[in-house]
Every structure is written in C-alpha cells, then in structure tokens.
Amino acid sequence: MQIAVLTFDGFNELDSFVAAAILNRMKAKGWRAQIASPTPEVTSMNGVTVRRQQPLEFAAEADAVIIGSGIKTREIAADPALLARLTLDPARQLIGAQCSGTLLLAKLGLVGDLPACTDLTTKPWVIEAGVTVLDTPFVAHGNVATAGGCLSSQYLAAWIIARLASVRDAEEAIHYVAPVGEKQAYVAQAMAAVAPFLPVTTPIAA
C-alpha cells in the first residue's frame, strides 16, 4: 500500500509526522507512507524544514491520501493552480483530512453536503465553505474521512490500517506508539473512534 501524506509549507508537524509514523508500522507488510509536497522542501509552522519524498502528484496514484493542516491552508485553498495538481478519487482511494486539511477537501468538492470534522480555529472557514462541522474527533463517509485536533492523526491512521489491512493490525500499530501503562486505554479509545465507520466486512486478522 502506498500512502501520500500531503504536506504543505506552514504544515503542522503533528499531522504529517504522527500519521506517517503510525502508518509505517505496516512497512513489513509492504506499506509505505510518504511525505508528498508541492515543492522539494517545505517548512513547518514551527520552522522545521523537510525534503519531500514524493511530489504532490504522487497523491493520484496512492492507495490512500492524508491531507494535513497548516497555517497557510487558506492560501492554498485559494490557489486554483495548486489545487489543480491534486487528482483524488474516492471511488478507489481512501482519503482523509485533518484540521484545516478539511477545508482543502471541501474546496476539492470531496465533502459535499456531508458533515465533517476540523479543528476549532479552522471551523469558521469550513462552515463558510458550506460544510456542517461536527463536535467530534473523527467521522467517515464511505472512503472519505475527516478528523479534528492535532492528535486525531492517530484516528486517521487507525482507520486507514483497519480499512486496508485489518482491525488487529490497526490495534497493534496504535498499541506500539501508545504510552507505556496506557496502551490498552489508547487502543480502546482509538478503535472506539473509528469502529462505527468501518464496513462490517473489514477483515480481522487471526
């Protein structure tokens, strides 16, 4: 499985790095989550500069795509040329967005009139874009999911793993990154957030 973690200038480190790290717990099974950006280098909201692993167009061929947030999302959402570089297809891809990434999903026409999640800062902008915002950390409608709050990146990662591998794999990935002494509680909380949005046919590893 190839996962594109869309990361723009001004990005939030927690969104991109936490999700990518959890998804790459599946590396032994052939998964690879990679930072995809519009430019060779992007700098985070806190001044951390990273080199992209893939260009933005990699999103078109990925099995799953996560759109992270950042302090420049409104500028990106108002840039038709940049948005035109994104070709996403929820009929064959899992697509998730976190916090202000939800605004980009809305601008790409992938939210429609469905309710979505975002962070409190971005909420007015998402509402302005015509989207009803839920006061919950995670929601999915078919192959499109949104999450609100920096640490909700674990829910997006768990959802993608549960959808494309198994619930057991998702539980094991969250268990690995959870704090010692709180692992079972973290796993239970993460799976409780995503379980209502998993198909009944989602495989459970033996």
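User: Two strands pair if DSSP finds at least two bridges between them. In what order do the 7 strands of the open sheet stand?

Analyst: This is a predicted model, in which local features need pLDDT of at least 70 and side-chain atom pairs count only at pLDDT 80 or more, while totals for chains, interfaces and linings use all residues. Residues are numbered from 1 along each chain as its sequence is written, and side-chain values use heavy atoms, leaving out hydrogens and water. Helices (H or I, at least four residues) and strands (E, at least two) are DSSP runs numbered from the N terminus. The pairing in the open sheet is mixed, and its order is β5-β2-β1-β6-β7-β9-β8.

User: Which strands stand at the edges?

Analyst: An edge strand here has a single partner strand, so one side of it is left without a neighbour in the sheet. That applies to β5 (54-55) and β8 (138-141).

User: Which residue in β9 does Q98 stand opposite?

Analyst: β7 is also joined to β9 by 4 bridges, and these two strands run parallel. In β9, the residue opposite Q98 is A147.

User: How many residues of β7 are buried?

Analyst: Buried means under 20% relative accessible area, exposed over 50%, and partly exposed in between (1.4 Å probe, protein chains only). Both faces of β7 are covered, with L94, G96 and Q98 buried on one side and I95 and A97 on the other. β7 is largely enclosed by the rest of the structure, because the buried count is 5 of the 5.

User: Which residue in β2 does I3 stand opposite?

Analyst: β2 is mostly covered, with 5 of its 6 residues buried. It runs parallel to β1, and 5 bridges join the two strands. In β2, I3 faces A33.

User: At about what angle does helix α1 run to β1?

Analyst: Axes are lines fitted to C-alpha atoms, for helices over the stretch in contact, and angles run from 0 to 180 degrees between N-to-C directions. Helix α1 (residues 13-23) lies across β1 (2-6), β2 (32-37), β6 and β7. Its angle to β1 is about 170°.

User: About what angle does the direction of helix α6 make with that of β7?

Analyst: Helix α6 (residues 153-164) packs on the sheet and touches β6, β7, β8 and β9 (144-147), where contact means heavy atoms within 4.5 Å. Its direction and that of β7 make about 175°.

User: What volume does the largest pocket have?

Analyst: On a 1 Å grid over the protein atoms alone, a cavity is a set of points where a 1.4 Å probe fits but cannot get out, and a pocket is an open set with protein on both sides within 12 Å along at least five of seven lines; lining residues have an atom within 4 Å of a point. Among the residues lining the largest pocket are V18, Y155 and Y186, and α1, α6 and α8 (183-194) each supply at least two residues of that lining. Grid points are joined across faces, edges and corners, and a volume is the space filled by probe spheres set on the points. For the largest pocket this gives about 280 Å³.

User: How many residues of the lining of the second largest pocket are charged?

Analyst: The second largest pocket, of about 220 Å³, is lined by 13 residues, of which N12, S69, D119, T121 and T122 lie nearest its centre. Ala, Val, Leu, Ile, Met, Phe, Trp, Tyr, Cys and Pro count as nonpolar, Asp, Glu, Lys and Arg as charged, and the others, Gly among them, as polar. The lining has 5 nonpolar and 7 polar residues, and the charged count is 1.

User: Which element gives the most to the lining of the largest cavity?

Analyst: The whole structure holds 2 cavities of 30 Å³ or more, and the largest contains about 60 Å³ of space. β8 and β9 are the elements that give two or more residues to its lining. With 3 residues, the element that gives the most is β9.

User: What is the relative accessible area of T122?

Analyst: T122 lies in the loop between α4 (101-107) and α5 (123-128). Not counting residues up to four places away in sequence, T122 touches C99, S100 and L103. T122 and L103 are 19 residues apart in sequence and 7.8 Å apart in space, C-alpha to C-alpha. T122 is buried, with a relative accessible area of 2%.
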